[in-house]
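Student: Could you take me through a close look at the place where the two chains meet? Please keep it brisk.

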Amino acid sequence: MSFVSWQYPFFLLAVVALYWRLPLRGRWWLLLGASYLFYAAWDVRFVALLLTSTSLDYFCGRAIAGERRPLSHVALLSALPLGWLIVCREVLPHLPVDVAWPDVGGWSLAMAAVLPVAFTLLYAWGWRLAESRRARAFVTLSIASNLAVLGFFKYFNFFAVSLVTLLAGAGITVHWTLPTILLPIAISFYTFQSISYAVDIHRGKAHPARDFVLFAAYLGFFPQLVSGPIERAGRFLPQFETPRVWDPVCLHQGLRLILVGLFKKMVVADNCALVANHVFDPRTPLDGWWAALGVVAFAFQIYGDFSGYTDLARGSARLLGIELSNNFQFPYLARGPSEFWQRWHITLSTWFRDYVYIPLGGNRGGTGRTLLNLWITMVVAGLWHGASWTFVLWGAYHALLLSLYRLATPLARLEASTSRMGRIVAVALMFGLTLGGWAIFRCTSLAQLTHWVAALATWPAAGAISVLRPAGWVLVHVAPLVLWQWATVSRRDEAETDAWPWGARGLAYAVVLLLVASSAANDQEFIYFQF
Amino acid sequence: MPSPRTPARLTTRAFLLAVGLLIVAEGVVRLFFSSSMSGRFDYGYNPTAGFVERADGTVSLERSGGRRFFPQRFPVQPPPTTYRVMVVGDSVPRGSSLESSYARQLGSLFASEGALCEAWNLAVPGYGVRRVQVVLRQALRYHPSLVVLHVNDSNEYEDEREWRRSREFQGWHPRNWLMKSLVFRRLYEARTEKVSWELLPEAVRGRQGVNDADAEIAASMNPARLAEWGDRVRTVTRESVRLCTEAGVPVVLVTQARRTRLADGRLGLDDGGLDAFAQSLTNRTVAWVAMSRVFRDADLATTYADGSHVRPPAHQALARALRDTGLLESRRAARAP
């Protein structure tokens with residue numbers, strides 16, 4: 001169920017209305033049911049994967065903290081994915097509802113059947129290890145199982161195809177029939193949140209959830225399930241454990257965040273998408289003007305899309321009294337790549353910093369080692385976005401930028417500049433470099449990227465005229481966002497309007513509502529759902 | 001995010017102001033713009049068909065769906081000695097411009113022969129027989145001396161689709177709730193027509209629109225669907241002719257002929273069986289002009305702009321053929337003192 005679907009407001013309203021009437025444990029059950037319904041609306045089979053991560057990490061988390069559970073509990077709860085798939089196969093198709101239920105294949109059932117046996121054995125084996133090694137073993141088990149799920153569903157075909165291509169290049173022809181693997185939505189986000197949960201318990205930064213329903217509600221929490229923010233247990237879990245008291249402020253802040261999110265998504269992103277999709281269609285003949293306009297449009301599309309999603313997620317959670325992390329802070333005002341990653345998809349970049357870059361050694365081993373760590377982190381972060389070489393290249397491009405800004409003194413000085421002119425130049429330069437990255441990100445293949453780059457070599461005068469009107473279209477839809485950001489830039493939160501006079505706020509809300517309504521028919525999905 | 005300035009009441013002044021502004025905007029739009037947009041989501045099936053009577057005693061042609069008439073305005077009552085011709089149909093009689101369409105050409109012909117005549121082009125592109133009949137019902141309210149009914153069978157897919165959409169919009173579905181508000185609807189239209197159409201090239205817009213061309217082609221290859229559409233064209237056209245007859249208005253049926261490539265590679269015309277059907281309806285007050293006959297000896301490569309639409313000189317030829325039916329002459333003779 002998408003945030004911009006017609007069903008979502010009713011769903012959210014029902015959940016919020018019920019939530020505040022229930023006792024704490026009832027709220028966990030409600031959030032669990034609502035989250036799984038929300039997720040199953042895409043594909044009921046996806047729920048089995050979420051259950052897999054949930055059951056494994058629940059027991060791993062408690063084991064890391066030294067809490068042993070009976071093997072019967074472990075076996076029973078890790079068999080939940082199998083149980084759910086059996087329900088999908090044997091029960092749901094017989095319900096008297098007009099729904100095209102997806103097929104549950106024999107392989108899925110077999111894999112789900114192996115899970116409780118394998119995990120129970122591993123769990124029992126883990127507890128036989130010496131206490132000094134046990135916690136580390138369960139952390140490893142959690143990381144490995146989450147990465148295995150992610151790797152299989154997201155990257156198996158990518159690496160298999162790449163291997164076939166590599167072998168073909170070496171003159172070896174293989175004829176493999178690759179399985180059709182569906183990429184479950186949200187998998188990249190909840191597997192990362194699961195990993196951080198286990199690692200943070202091990203590091204003593206969080207405590208394990210002592211109730212399975214609580215943990216399942218925490219990991220599957222519908223506002224942030226599909227595209228983040230990727231939360232940390234130390235900050236997020238206590239919000240579930242503590243009874244929240246109704247406060248109208250939650251309503252005000254939640255609705256405002258939702259309004260701003262809808263504005264970013266439906267007015268900015270979806271309208272810029274019209275131009276970006278045209279330019280990045282391989283069939284479109286391009287010149288430099290169109291190529292440049294396309295990437296600018298995409299820059300605002302992806303920003304509006306993802307930060308809009310985040311605001312919608314934060315707003316929805318706020319209505320339930322829960323505060324999600326801020327994921328965006330005016331990223332296009334960054335003066336350098338380092339600052340850009342402190343402003344763009346903040347919860348992902350801090351995740352990579354804390355769980356990849358720093359464990360690799362961070363900047364503790366000299367320039368060469370630091371740069372190597374940086375490159376590894378950024379390439380992996382690029383690959384996280386999708387199973388494609390263009391994403392790997394995008395990660396490498398940002399690693400290159402980070403390296404350049406570290407090594408080239410004038411760039412480092414520019415990034416640190418405090419003068420007005422210096423900041424303007426730094427922001428403009430970084431925005432231009434970011435656009436280069438977005439071109440790599442948006443192209444679906446290296447061939448398309450070559451086509452886009454080649455277009456930059458031709459700037460015909462006639463092209464400048466033809467691009468004027470569509471440029472006007474982009475400007476019309478970006479200008480309100482720029483205006484909004486200009487008015488909120490001092491607040492460090494893109495949706496913060498409390499400092500405005502109430503009259504200005506009321507007028508702004510009315511105008512934004514009108515803009516959202518006039519763009520309501522675009523009906524485009526969020527970009528980050530595919531990751 | 002919590003701020004000391006955030007009030008703790010259920011509603012805030014800013015929220016109330018926003019709601020108040022939207023209510024005022026809705027009221028203003030309902031007061032000043034409702035006539036020009038109330039039928040937008042009836043997809044051509046609004047009973048008014050987009051005919052709006054003004055306070056000054058004229059009728060203006062607005063929209064009743066996504067499609068529009070050529071902008072025209074005429075008095076409710078024609079002047080006493082003036083003959084009023086109304087042409088209803090689809091994009092073929094509509095033509096590429098109002099002046100070059102056979103409706104206006106027919107008016108000019110009569111005028112050149114000394115008759116006081118006004119001719120109105122009430123054709124709307126994409127309209128099939130059902131929506132054409134909605135327009136016809138309105139046209140008959142405004143005292144036509146002659147109706148020209150262009151009969152075509154190539155828009156039935158769109159007619160059906162738009163009927164479905166209009167029913168959906170009138171239903172309960174929450175997907176449509178937003179557009180029930182006229183201020184949202186007005187803004188949506190303004191954005192689409194004044195901003196989107198102005199600023200985005202067709203190539204860009206085309207990707208965004210719902211493209212059901214494949215479904216249309218599939219439907220048009222289905223013999224059962226074609227037979228169903230053919231039956232509908234005949235039934236509804238017969239009913240339209242009856243409406244004219246009951247209103248005492250003579251009618252000329254213009255049957256469409258499509259340009260096709262014959263087996264020997266030459267261009268030919270295909271009336272799809274409409275000619276025989278129209279001929280069966282003719283009587284003292286119902287005449288018939290067949291495009292297949294008018295253009296029998298014409299150079300089809302230059303007469304037609306595509307498979308269905310004809311160029312301005314062909315509109316002139318159709319206007320002459322319409323005049324030659326003599327229906328308006330007989331009407332004038334009958335009304336002569």
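Tutor: Start with charge. This is a predicted model, and across the interface of chain A and chain B the rule finds 1 salt bridge. The partners are B:Glu198 and A:Arg469. Their closest N and O atoms lie 3.7 Å apart. That distance counts because the cut-off for a salt bridge is 4 Å. Polar contacts between chain A and chain B come to 2 residue pairs, with both residues at pLDDT 80 or more.

Now look at the side of chain A that touches chain B. Helices H12 (248-279), H13, H21 (461-488) and H22 (502-518) of chain A each give two or more residues to this side. H22(A) provides the largest share, 12 residues. Sorted by class, this side of chain A has 25 nonpolar, 13 polar and 10 charged residues.

Next, count both partners. Chain A brings 48 residues to the contact, and chain B brings 38. Together the chains bury about 3,700 Å² between them. Carbon and sulfur atoms give 69% of that area. Three tryptophans stand out: A:Trp6, A:Trp473 and A:Trp502 supply 16% of the area that chain A buries against chain B.

Finally, step back to the cores. The largest nonpolar core has 181 residues. A:Phe222, A:Phe240 and A:Trp438 have the most contacts inside it. Helix H13 (residues 288-319) of chain A gives this core its largest share, 16 residues. A second, separate core has 39 residues, including B:Val59 and B:Val124.

Note on methods
Residues numbered from 1 in each chain as written. Chains lettered and ligands numbered in written order. Predicted model: local features only at pLDDT ≥ 70, side-chain atom pairs only at ≥ 80, totals over all residues. Heavy atoms only, no water. Core = buried A, V, L, I, M, F, W, Y, C linked by side-chain atoms within 4.5 Å. Buried < 20%, exposed > 50% of the residue type's maximum accessible area, 1.4 Å probe, protein only. Helix = DSSP H or I, 4+ residues; strand = E, 2+ residues; numbered from the N terminus. Contact = heavy atoms within 4.5 Å. Buried area = accessible area lost by both parts, 1.4 Å probe. Salt bridge = Lys/Arg side-chain N within 4 Å of Asp/Glu carboxyl O. Polar contact = N/O pair within 3.5 Å; in protein donor to acceptor, adjacent residues only side chain to side chain. Nonpolar A, V, L, I, M, F, W, Y, C, P; charged D, E, K, R; others polar.
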